[in-house]
Amino acid sequence: MGDMTARRNEIRNIVILTGAGVSAESGIDTFRDGGGLWEQHRVEDVATPEAFVRDPELVLRFYDMRREAIQTKQPNAAHDALARLDREWDAKTGGELLIVTQNVDDLHERAGAQRVLHMHGEHLNAWCTACDIRSRWTGTLIDRPGCPQCGEKALRPDVVWFGEMPYRMDEIFAALRNADLFVSIGTSGAVYPAAGFVQNANDLGARTLELNLERSQGSHWFDETRLGPAGTIVPQWVDEMLEG
Ligand code: BV8
């Protein structure tokens with residue numbers, strides 16, 4: 001359980017995993033906190049392919065409501081700090097940086113981050129199950145609009161549901177193999193394969209740091225855990241990394 005600062009100079013390539021906690025202070029509901037999304041809806045009713053077959057209207061309304069909500073929210077200090085790290089890290093160290101997010105909001109991008117990988121998809125995309133094209137989508141899907149490309153009324157949220165394969169896993173594992181530091185921010189460590197990345201990072205020799213409001217299910221796998229709101233502890237960590 002070494003002190004991260006002691007090894008900062010050896011850190012060049014960073015992989016950052018973010019979860020709902022990084023968007024909490026922007027007013028976007030998390031999943032498992034009190035009053036969170038899964039208290040209002042059962043996962044199996046709204047976030048599985050079976051749910052979409054069983055009750056497409058319920059699923060489409062669930063995602064329409066969240067797609068509309070995120071467009072009224074703003075990035076917070078944690079998103080801003082990560083965007084600054086994304087901008088300045090390779091100029092400072094010549095190293096790589098990748099933000100792998102489980103979140104389907106666009107707050108990392110709106111804060112200015114560019115190297116963002118949405119492993120669970122994006123609210124602001126619609127996926128046509130007829131022609132497979134993904135289109136940027138800010139409106140609703142409940143009224144079953146036609147696909148912009150093929151016209152079929154076959155659009156679904158471009159979100160990875162339970163039982164579906166997360167996106168771009170090859171790129172994520174390539175980045176983990178190359179990482180000197182893996183940082184997990186604002187996630188409960190409840191959902192795989194994302195919750196297992198810290199173990200991959202450990203096995204591959206990276207240092208591991210958790211920044212979270214409370215200890216997550218995977219805290220014991222991390223070299224270091226810092227507790228506090230992301231809007232406070234993420235800017236502090238980014239300052240350490242850039243000013244150190
Ligand atoms: C897969 C998109 C393999 C949807 C999400 C049986 C059948 C099938 C699969 C499984 C199965 N059993 C287990 C599995 C695997 C399953 C899984 O892990 N299930 C769990 C429940 C046990 N995983 C999957 O199905 C994945 N796919 O395994 O595919 C495969 C192999 C071959 C072929 C096909 C498939 C797909 C999982 C993706 C599901 N989609 N999201 C949507 O958004 O609606 S998951 C959803 O929950 C999120 O995206 C996120 O990934 C996940 C965890 O949520 P968090 O982001 O961590 O949020 P949470 O609320 O839980 O925690 C918030 C944290 O923030 C807390 O710790 C809190 O303390 C902290 N916090 C709060 N405020 C702050 C804060 N921290 C800092 N500052 C604050 N202010």
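In the predicted model, a nitrogen atom of the ligand is placed 3.2 Å from a backbone N or O atom of Leu213. For Tyr192, a backbone N or O atom lies 2.7 Å from an oxygen atom of the ligand, whereas for Arg66 the N or O atom found 2.7 Å from a ligand oxygen belongs to the side chain. The ligand taken alone exposes 1500 Å², and the protein buries 75% of that area.

The shell around the ligand comprises 34 residues, of which Arg32, Tyr63, Gly163, Thr187 and Ser188 are the closest. Divided by class, this shell contains 17 nonpolar, 11 polar and 6 charged residues.

The position of the ligand may be described with reference to the domain assignment of the protein. Domain 1 is assigned the segments 3-28, 75-120 and 166-242, while domain 2 is assigned 37-72 and 125-159. Both domain 1 and domain 2 contribute residues to the shell, and the ligand therefore lies between them.

Taken over C-alpha atoms, the centres of domain 1 and domain 2 are separated by 28 Å. Contact between the domains involves 7 residues from domain 1 and 7 residues from domain 2. The size of an interface is often expressed as the accessible area that is lost when the parts come together. For domain 1 and domain 2, the buried area amounts to about 540 Å², with carbon and sulfur atoms giving 52% of this value.

With regard to polar interactions, 3 residue pairs are in polar contact between domain 1 and domain 2, counting pairs with both residues at pLDDT 80 or more. On the side of domain 1 that touches domain 2, the residues divide into 3 nonpolar, 1 polar and 3 charged. Across the interface of the two domains, 0 salt bridges are found, the criterion being a side-chain nitrogen of Lys or Arg within 4 Å of a carboxyl oxygen of Asp or Glu.

Terms used:
Residues are numbered from 1 along each chain as its sequence is written. This is a predicted model: local features need pLDDT of at least 70, side-chain atom pairs count only at pLDDT 80 or more; totals for chains, interfaces and linings use all residues. Side-chain values use heavy atoms; hydrogens and water are left out. A residue is near a molecule or strand if one of its heavy atoms lies within 4 Å of it. A polar contact is a pair of N or O atoms within 3.5 Å; within protein, one must be able to donate a hydrogen and the other to accept it, and residues adjacent in sequence count only if both atoms are side-chain atoms. Accessible areas come from the Shrake-Rupley method with a 1.4 Å probe; for residues, only the protein chains shown count as cover. Ala, Val, Leu, Ile, Met, Phe, Trp, Tyr, Cys and Pro count as nonpolar, Asp, Glu, Lys and Arg as charged, and the others, Gly among them, as polar. Domain bounds come from an automatic or database domain assignment. Contact means heavy atoms within 4.5 Å. Buried area is the accessible area (1.4 Å probe) that two parts lose on being put together, summed over both.
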